[in-house]
Amino acid sequence: MQPSITESPFGQLPDGRAVTQYSLTNANGMIVKILDLGGIITEIHVPDRDGNVTDVVCSFDDVAAYLGESHYFGALIGRYGNRIANASFTLDGTQYQLDVNNGANHLHGGVDGFHRRLWTAETFNTPKSAGLILTYLSADGEQGYPGNLETTVIYELRADNELRIAFHAITDRATPVNLTNHAYFNLAGGGDILGHELTIQADRYTPINAVQIPLGDLPPVAGTPFDFQTPHAIGARIDADDEQIRNGFGYDHNFVLAKKTEGALELAARMREPASGRVLEVWTQEPGVQFYSGNFLGDSVKGKGRIYGHRSAFCLEPQHFPDSPNRPAYPSTILRPGEEYTTVMAYKFTTE
C-alpha cells in the first residue's frame, strides 16, 4: 500500500464556506483525518497488539459542534496555547487587552482563536508519507494580539505510524506566539483513561492557583502526585489530597521537560494502555508539555455516537509555559519581525 490522501465534504460554516476533511493513509493502513477548519484531527485509526484497528481520538460529527463548546477537540491552538492571566500583557511598553474567555483570563487564543478559523489547505505525497499543509493569516488585532501573523502548519503521516506536526510563523510586529495541537486521546477507544500508564520526561512543573494561572515557581515533581518520571497509572493519584490536584480538578498542569539539548526534538511523554498494548509517544522541541486528564468532560459532551464522559480522554500538549508574556523568568514566547517561529512535535504510535 502506498501513502495516499483523499478529501470529502464536512459541511459548511454559517457564512456558506465549505469545510473539507482530508484523510491521510500510510503504507501500514494507519489513517488520520484532519479538517481545514481549525486543523482539527477528527480521527486517528491505529492497531492494538493483536492488529485490531480503533479510532483513538475524540471528535464531533458536524461543524456546528466545533463552533460550540468544542473543548478544543483535536484543534490547532493559537496564537497562544494555554492561559494568559487577566487576558492582558505588556510588550515594549504597550499593554494589550486580549479576548476574555476563561473567567477573567485568556485561554487558547480566545473565543475565535485558530481552532475556529478556516485554513487554506494543500496536500502532498512523498514515497513514505502523506501530508497536509495549512496556512492562515491572523490579522493585526485579532483576539487582541498585535501584528499580522502568517502561520503555516504541516501535518505529515509517516510510514512508521508517526504523525509529525511542524509549525512556522512570521510577524510584522512583536507578538506572543505559542502554538500546539489539542488532540484528546483514549488508547482503548472508549471508557475512562484512569488505567492508562503515563511517563513524562519532566523533573519540575508549574503549580497553579485556583483559576489555573501559574504561581511562578518551578518546584520538583519528586514526592508529589506529579512525579511521572517512572510510569504511573493516571488514576493512581488523580484524587490525592493535594492542593495542586484540587486547583486543576485533577491534572491540568504544565510539566517542565528535562531536555538533553535545548530546542532538540526529544521524547516528552509516553502513554501506554495495558489492555490493548497501544503506546503513544509525544515528541517535541518545546520546553514544556501540558498534561490534561479530561476533568471538564461530562455527559453533555457527545460525538461519534457516544458520550465523552468525565476523564474519558487525555491531552498532552507540547508548549512554552502558560502566562509567559507576564513571566519574564520563563522562556520567552515573543516573536519579532525578521525572526521565524518554528517548532516540531510528533505523535508516534506503537504496540507492546
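How many salt bridges does the structure hold? The count is 18, where a salt bridge is a side-chain nitrogen of Lys or Arg within 4 Å of a carboxyl oxygen of Asp or Glu. What you're looking at is a predicted model, so local features need pLDDT of at least 70 and side-chain atom pairs count only at pLDDT 80 or more, while totals for chains, interfaces and linings use all residues. Residues are numbered from 1 along each chain as its sequence is written, and side-chain values use heavy atoms, with hydrogens and water left out.

**Figure 1. The whole chain, before zooming in.**
The secondary structure comes to two helices and 28 strands; these are DSSP runs numbered from the N terminus, with helices (H or I) of at least four residues and strands (E) of at least two. The chain is as compact as a globular protein of its length, because its radius of gyration is 19 Å, close to the 20 Å that the globule rule gives for 352 residues. That radius is taken over C-alpha atoms, and the rule is 2.2 Å times the number of residues to the power 0.38. Along its principal axes, the C-alpha trace spans about 55 × 50 × 40 Å. Buried residues make up 56% of the 352, with buried meaning under 20% relative accessible area, exposed over 50%, and partly exposed in between (1.4 Å probe, protein chains only). Of the contacts with a separation of 6 or more, 66% come from residues 24 or more positions apart; a contact means heavy atoms within 4.5 Å.

**Figure 2. Asp140 and Arg173, a salt bridge between two loops.**
Here the closest N and O atoms of Asp140 and Arg173 are 3.1 Å apart. The pair links distant parts of the chain, 33 residues apart: Asp140 sits in the loop between strand S12 (129–138) and strand S13 (149–158), and Arg173 in the loop between strand S14 (162–171) and strand S15 (175–176). Both partners are partly exposed, Asp140 at 37% relative accessibility and Arg173 at 35%.

Side chains of opposite charge can pair when their charged atoms come close. Arg327 and Asp323 meet in a salt bridge, 3.2 Å from N to O. Is Asp323 buried or exposed? With 1% relative accessibility, Asp323 counts as buried. Arg204 and Asp203 make another salt bridge, with their closest N and O atoms 3.9 Å apart. In that pair, Arg204 is partly exposed at 34%, and so is Asp203 at 33%. Glu197, Arg270, Arg272 and Glu352 go beyond a simple pair: they're linked in a network of salt bridges.

**Figure 3. A cis peptide bond at Gly78–Arg79.**
Take a look at the backbone here: the peptide bond from Gly78 to Arg79 is cis, with omega near 5°. Arg79 lies in the loop between strand S6 (76–77) and strand S7 (83–84).

Which value does phi take at Tyr72? It is near 65°, a positive value in a residue other than glycine. Tyr72 is in the loop between helix H1 (63–67) and S6, and it counts as buried at 14% relative accessibility. Lys304, also not a glycine, has a positive phi near 55°. You'll find Lys304 in the loop between strand S24 (302–303) and strand S25 (306–307), partly exposed with a relative accessible area of 28%.
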